[in-house]
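User: Please go through some strand pairing and helix packing in the model shown here.

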Amino acid sequence: MNSDPTDLLQEVLSGIDEDFVELRFHKKRTRSLSVEKGRVDQAKISEHTGVGVRVLTGGSWGFASTDRVDAETIKRSVEGARRAARASAAQKRDKAAPLPATELARGRFEAPGTSELAGRPIEESLGMVLRLEEQARNSSSAIQSAGCSYTEVFEEKGIVTTDGAKAWTQLVRPEFRIMAVAQRDGEIQRGSEAVGVTGGWDCLFRNATAEALTDKAAKLAVDLLGAGYPDGGRKRVLLSPSLVGLLTHEAVGHTVEADFVMSGSVAAGKLGTRVASDLVTLCDSGASEYYDGAGGTLLVDDEGVATQNTTIIRNGVLENYLHDRASAAHFEVAPTGNARAWEYDDEPLIRMRNTYIAPGDATLEEMIADIEDGFLLDGPANGQADSNGEFMFGTREAYRIVNGKKGELMRGVNISGAAFDVLKTVDRVGADFVWDLGSGHCGKGQPAKVDAGGPWLSCEVIVGGRNG
Amino acid sequence: MSAPATETIFEPALEEKRLLERCERLIEHARKAGADEAEAFGVFGQVSRADFEHGDLKLGQVDDGTSIGLRVFRDRKLGFSSTNQTDDGSLEQTAKDAATLASFSVADEANRLPAVRELEESPGYVQPAVSALGIDDVVARGSEFVHKVAERDARISIDKADMSVSCSSLAVTSTAGVRTSDSDAAVSFSVFGMAVDGEDVGGFDYWGDTVRDLGRLDASIDESVDRFCDAVLGNLGAAAAETYTGPVLFAPAAWLSIFVSPLLGAASAIAVQRGRSALVGKLGEVVAVPALTIVDDPTDLELTGAGTFDREGQPMVRFPVVEDGVLRSFLYNGYAAQVEGRESTGHATGGARSVPGLGTHAISIAGGAGGTRAEMLGALGRGLFVQRFSGTVDAASGDFSGVAKSARWIENGEVVRSLKETLISGNAFELLKQVGALSTETENVFGSTRSPSAIVDGVSVTAG
């Protein structure tokens with residue numbers, strides 16, 4: 001660790017005075033352990049390092065990368081990126097404008113937890129994974145199989161540009177997952193829990209111990225055996241903080257990424273208009289708001305812009321899109337620090353970081369009491385959004401709410417709706433805030449580590465249950 | 001053809017030789033670090049790519065790089081490490097990392113490398129006309145592709161599109177005597193976007209293909225342009241469906257993700273051995289309607305997963321998984337095979353960054369007696385036609401739930417409107433026995449899988 005490459009990158013750029021050139025060193029070291037049914041499936045260390053080079057010349061962009069981190073090879077990659085840009089120039093319809101001057105990050109930026117986890121013996125982590133997998137497997141005679149995994153991703157980046165960025169960043173993202181499979185009379189059900197943060201060991205298990213997460217996953221798998229399916233249809237539901245996180249990310253966040261806006265997403269042309277109930281304030285931040293450790297925390301983005309907390313919706317009114325430097329120039333606003341690349345050989349794209357709905361003032365008990373006929377939904381699965389604002393995401397647990405009382409556990413279902421229509425139905429916002437998607441990744445051509453969360457939320461969605 | 005911007009012409013024989021040498025050096029370091037058994041898997045890739053955004057060229061890109069993964073066993077204990085640095089010091093450290101991990105892992109009698117086995121001769125996956133394509137060619141062909149989409153209809157908005165040429169070599173060596181290598185080259189392209197008509201923003205769709213034969217590229221592009229444009233234009237004017245439980249017509253992409261994917265996941269021998277498969281005890285039993293035959297066919301050169309050896313250097317052959325609705329075999333990689341004391345079926349998968357996984361390579365599903373798409377729509381008569389699925393399929397239980405995308409409402413065998421907010425759910429394993437018809441014609445889905453469309457009865461449809 002601590003292999004700050006920015007002086008080397010600066011040296012490579014020293015002779016360049018015409019084109020815009022961005023050099024991004026990226027070292028990713030992963031330690032990963034996985035156990036299922038007492039067998040070690042994965043005990044892995046991987047380290048992949050290289051430099052991504054982006055060049056803007058003659059109104060066209062070019063990108064090249066190399067896995068050799070020495071000045072001569074990086075210079076050859078600059079030439080490669082330049083040639084790729086020139087090859088593009090003849091076919092490019094609208095010439096890319098030079099990037100306007102903006103404040104760029106300089107210095108060292110280190111997120112907490114890196115040194116602590118780097119010094120933690122991996123054999124201790126393996127011992128934990130083995131122990132908890134066994135705990136899950138032995139928790140009930142109905143449990144057929146269990147799996148447990150722990151992963152740490154250490155990242156170092158050095159970003160240097162010809163217009164002034166010279167930043168070195170370092171962070172670590174640990175994740176813990178536990179899964180249990182229960183079986184009875186030929187029926188199989190699965191329960192799982194996962195946590196992920198940007199930070200150290202105590203941060204990872206701050207909201208629940210690994211043992212408690214294990215018990216919860218195993219209990220859910222057993223409880224789901226024999227659970228019924230909810231009826232489908234449009235329903236009032238209470239979404240847990242993890243599902244609120246999915247809602248903010250899938251239903252809104254993607255539609256306000258400026259590249260998608262420029263293609264005509266449902267958020268295009270809606271700045272300054274009401275898109276949600278006035279109870280809704282929705283933000284995307286590079287920092288971990290409310291408390292430390294959000295999984296998508298990013299101090300400096302991959303264009304060298306210090307990250308911002310961007311208010312997307314304020315009291316129901318759409319206020320901002322999410323930008324990289326080029327889209328910010330197009331919309332004549334400041335960049336928001338949302339340019340992110342997964343590895344050194346990926347170009348930066350506009351991506352979310354930590355996306356959330358700000359807390360309100362209701363208690364969960366008050367929110368349940370307000371519902372005559374609906375569901376309480378918890379446990380995030382996957383999710384996806386569409387250009388028209390239609391979203392889908394999966395839930396693992398559903399509880400019937402009848403006449404203000406929480407009822408029996410039912411199987412989780414997928415829910416859907418049109419993003420802004422659903423946000424207009426929000427009538428209660430809980431007071432307690434939780435980051436709860438830190439083990440998740442977003443896919444947009446390349447993965448990105450993100451987090452999302454919020455308080456409990458009451459709204460109307462379409463529940464994909466069973467009919468008849 | 002122009003020279004690639006990297007100024008490196010892809011030379012398969014040279015890259016394979018380099019990879020084999022590096023793999024062998026890594027194995028030697030592993031022995032010195034204390035490994036009893038060691039297996040190295042190396043990949044070299046060289047890519048020229050053009051990315052488009054909002055219908056215009058965004059970026060030209062050229063990359064190349066190498067990754068090598070090392071799996072070691074020490075007293076039957078597993079360790080794995082990978083690197084993209086090929087200097088001797090990095091390889092030595094990679095070997096030490098893997099050996100150290102193995103030293104405190106847990107012994108497992110199935111941790112043994114598969115023995116060397118005879119392989120079919122490679123048919124040759126690199127067409128010189130493809131590997132010679134440079135960044136200029138990629139940009140020009142990509143621009144032509146995007147232009148074809150854009151000129152189809154002014155309402156089409158191309159969010160992203162790309163065209164790339166990928167050349168790759170891979171090599172496997174092991175202390176069990178495996179030593180093999182091969183190379184591949186292909187052109188890939190895709191388009192992602194939607195149609196916008198005033199305030200009406202249609203749902204997105206995407207389409208693309210990967211071809212090894214440059215002679216097929218133009219026809220494949222034309223077909224993909226047709227499919228993409230028909231889908232996104234058809235998504236305009238979406239209205240509600242009707243709630244019902246009954247037959248639904250699934251286009252190949254939706255049918256594969258909802259029904260075939262969980263079945264193949266459950267056919268993993270590891271899932272069966274560990275009790276998380278719905279197919280436990282079902283070998284030789286009926287798991288689907290008699291019309292369904294699923295073959296893993298890595299001899300089909302039109303599918304991206306074609307090859308002669310798997311991630312562990314074991315032979316890949318044409319392999320029936322389900323025949324006439326009957327489950328014929330589970331899928332084994334080296335580890336799963338050792339658990340049962342049998343040979344691998346050649347289903348080790350994955351790249352250099354992780355231990356070998358387990359899965360299929362090139363799934364091909366035979367067409368049925370249902371006829372053309374029009375005849376399938378006629379057979380459905382009235383109901384839902386789903387082209388993509390955005391949702392969750394639980395591989396263990398088979399329960400699925402999600403949104404029908406690029407969905408259409410059918411009346412009297414004809415498309416009458418596009419649909420929005422339509423959710424479908426059911427259980428894949430149960431419904432595989434309620435497949436009413438498979439189309440006669442099959443489609444190559446994104447270059448990786450060949451499949452017909454299917455009408456499946458008993459699906460729960462919820463309208464928003």
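User: In S23(A), which residue is the bridge partner of Asn354(A)?

Analyst: This is a predicted model, where local features need pLDDT of at least 70, side-chain atom pairs count only at pLDDT 80 or more, and totals for chains, interfaces and linings use all residues. Residues are numbered from 1 along each chain as its sequence is written, and chains are lettered from A and ligands numbered from 1 in the order in which they are written. Strands (E, at least two residues) and helices (H or I, at least four) are DSSP runs, numbered from the N terminus. In S23(A), Asn354(A) is bridged to Asp451(A).

User: How many bridges join strand S20 of chain A to S23(A)?

Analyst: Strands pair if DSSP finds at least two bridges between them. Trp435(A) stands opposite Gly453(A) in S23(A). S20 (residues 434-435) and S23(A) run antiparallel, and the bridges joining them number 2.

User: At roughly what angle do the axes of helix H1 and helix H2 of chain A cross?

Analyst: Axes are lines fitted to C-alpha atoms, for helices over the stretch in contact, with angles from 0 to 180 degrees between N-to-C directions. The axes of H1 (residues 6-13) and H2 (residues 71-89) of chain A come within 10 Å, and they cross at roughly 50°.

User: Is H1(A) parallel, antiparallel, perpendicular or oblique to H2(A)?

Analyst: Angles under 35 degrees count as roughly parallel, over 145 as roughly antiparallel, 65 to 115 as roughly perpendicular and the rest as oblique. The crossing is at roughly 50°. Therefore H1(A) is, relative to H2(A), oblique.
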